[in-house]
Amino acid sequence: MLRTANEVSDRPEVSVARISRHWSEIYARRVVVSDVVIVLAVVFLTQVVWLGTGTELAGVGVGYWGVSLCLSIAWMIVLEIYGSRSSRIIGTGTEEYRAILDASIRLFGITAIFSLLFQIEFSRGYLLLAFPIGTLLLLLSRWIWRGWISSKRREGEFVSRAILVGSRSACDAIVEDLSRRGATDLKLVGICLTGRDEDVPEVSDLRESRGLPNMKTAGDYVQLMDETGADTLVIASNEHLSPADINDISWHLTPGRHHLIMAPSLTNIAGPRLSVRPVAGLPLIHVETPRMEAREVVTKRLFDIVGSALLLIVLSPLFLVLAILVKTSSQGPVFYSQERVGLRGIPFQIRKFRSMRQDSDKHLDLLLKAQGTRDRPLFKVQDDPRVTRIGTYLRKYSLDELPQLLNVFRGEMSLVGPRPQRADEVAMYDATAKRRLMVKPGMSGLWQVSGRSNLDWEDAIRLDLYYVENWSLTRDLSILLKTIREVVSPTGAY
């Protein structure tokens with residue numbers, strides 16, 4: 001019915017299995033230590049710098065040393081209450097960053113209101129220094145920790161060893177998705193296909209190419225997990241498993257050692273849109289319809305205005321240098337303007353530093369035909385002969401895109417969003433791809449920080465639609481940070 005453990009080539013040693021079972025606890029403890037160090041350092045240094053060492057809180061008779069200690073303890077408590085160190089979110093996604101921001105903002109908001117209502121002269125230093133600096137350092141520390149754990153996962157550590165159970169099509173879809181995402185907290189050590197033996201194929205090409213053992217239907221999944229050193233059982237589909245079977249499996253798993261994951265047939269949906277709603281004893285998954293509330297629209301627009309204005313001011317000397325280089329390196333204007341399709345299909349003029357020779361657009365169709373990509377809505381030419389010498393560097397480091405900050409400030413674009421495309425490209429959209437037009441186009445987006453032009457159209461549209469359907473300010477900040485990394489060390493830019 002199933003292959004023996006000797007047939008599994010990567011059977012874990014005892015030490016690896018122990019790390020696999022407890023990686024989330026080990027990681028959480030290390031994160032707690034870094035959080036404590038950051039909070040204590042920021043709060044007490046704020047007190048010393050702003051107030052000195054001997055000041056008491058007026059009207060209360062409590063020294064600021066006690067206030068700093070209470071504030072530090074409260075900060076750690078709210079970080080725990082808001083689940084910033086929960087095993088469900090640490091090390092993956094943007095929910096970890098969102099939890100830190102929510103906890104910190106609410107704590108200092110409550111603190112400010114409390115001091116105002118009770119007329120306590122609570123020092124503004126805590127609010128002006130400790131809050132922003134502490135929050136930024138907490139976010140930075142989590143970002144560093146996540147880089148560290150990603151490197152460990154590439155080495156096969158700090159992962160949950162999982163067996164995937166389900167039909168062939170469901171298992172293949174999950175294997176492909178996990179392989180596309182790179183280092184994750186799940187490492188598949190085997191696949192068990194459900195169904196009658198005569199219906200289960202011996203080999204799946206997709207799984208065989210990933211080096212995964214192909215197991216036949218198993219009746220005792222707990223025994224199978226012990227034989228392979230797995231700590232997680234992932235059920236991808238249950239057409240061959242009744243609710244009673246799944247419930248029985250969950251009762252036989254060892255609490256704290258074995259974990260059961262149900263993989264619904266939903267993809268590209270972020271956590272905030274999902275919630276479990278018990279109805280008549282049934283754990284039904286509720287999926288929020290993708291939409292952007294009015295407050296979210298205002299928040300994103302304010303973020304764009306402030307961000308683009310600051311960048312325009314800070315980068316103005318660079319604008320002057322680039323303009324001189326473009327003007328003196330080849331004939332033609334400094335800026336290049338082209339019509340692109342924006343929010344709800346409304347056209348606008350995009351601005352760039354000119355990186356190609358004049359009248360280059362009329363050669364695009366011939367180059368795309370020669371490249372064999374004229375029928376795809378992603379008009380990119382590799383080794384483009386139209387690009388000028390200085391334009392090569394401008395494109396490599398995305399410096400030609402900087403004038404689009406003016407488009408952002410004017411409200412035609414956003415700092416983050418799907419890249420705006422030409423009308424000819426939009427004309428090739430199917431009904432699914434048209435959902436890209438539900439939000440403003442952006443200077444950077446998910447596909448720009450995930451491979452850029454190295455991605456094919458299907459992957460690009462998948463990433464853009466994920467962004468459209470799961471927008472959050474935290475995700476925008478995360479994409480902007482990754483954009484800086486891509487600019488410094490560019491990949492897929494041409």
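Two residues are in contact when heavy atoms of the two lie within 4.5 Å. In this predicted model, contacts between residues at least 6 apart in sequence were considered, and 71% of these join residues at least 24 apart. The protein contains 16 helices and 13 strands. Of its 494 residues, 44% count as buried. The protein exposes about 26200 Å², and 60% of this area is supplied by carbon and sulfur atoms.

The packing of one pair of helices was examined. Two packed helices are described by the angle between their axes and the distance between the axes. Helix H2 spans residues 64-81 and helix H3 spans residues 95-117; their axes come within 9 Å and cross at roughly 140°. H2 is therefore oblique to H3, since only angles over 145 degrees count as roughly antiparallel. The crossing of the two helices, H2 and H3, is right-handed. On the H2 side, the residues that meet H3 are Leu71, Ala74, Trp75, Val78 and Leu79. Their partners in H3 are Ile100, Ala103, Ser104, Leu107, Phe108 and Thr111. By class, nine residues in the contact of H2 with H3 are nonpolar and two are polar, while none is charged.

Threonine 388 lies between helix H11 (364-371) and helix H12 (389-396), in the loop that joins them. The relative accessible area of threonine 388 is 8%, so this residue is buried, the cut-off being under 20%. When neighbours within four places in sequence are left aside, threonine 388 is in contact with Ser330, Arg354, Ser355, Met356 and Arg357.

Definitions and conventions:
Residues are numbered from 1 along each chain as its sequence is written. This is a predicted model: local features need pLDDT of at least 70, side-chain atom pairs count only at pLDDT 80 or more; totals for chains, interfaces and linings use all residues. Side-chain values use heavy atoms; hydrogens and water are left out. Axes are lines fitted to C-alpha atoms, for helices over the stretch in contact, and angles run from 0 to 180 degrees between N-to-C directions. Helices (H or I, at least four residues) and strands (E, at least two) are DSSP runs, numbered from the N terminus. Angles under 35 degrees count as roughly parallel, over 145 as roughly antiparallel, 65 to 115 as roughly perpendicular and the rest as oblique. A crossing is left-handed if the near helix is turned anticlockwise from the far one by less than a right angle, and right-handed if clockwise. Ala, Val, Leu, Ile, Met, Phe, Trp, Tyr, Cys and Pro count as nonpolar, Asp, Glu, Lys and Arg as charged, and the others, Gly among them, as polar. Buried means under 20% relative accessible area, exposed over 50%, partly exposed in between (1.4 Å probe, protein chains only). Accessible areas come from the Shrake-Rupley method with a 1.4 Å probe; for residues, only the protein chains shown count as cover.
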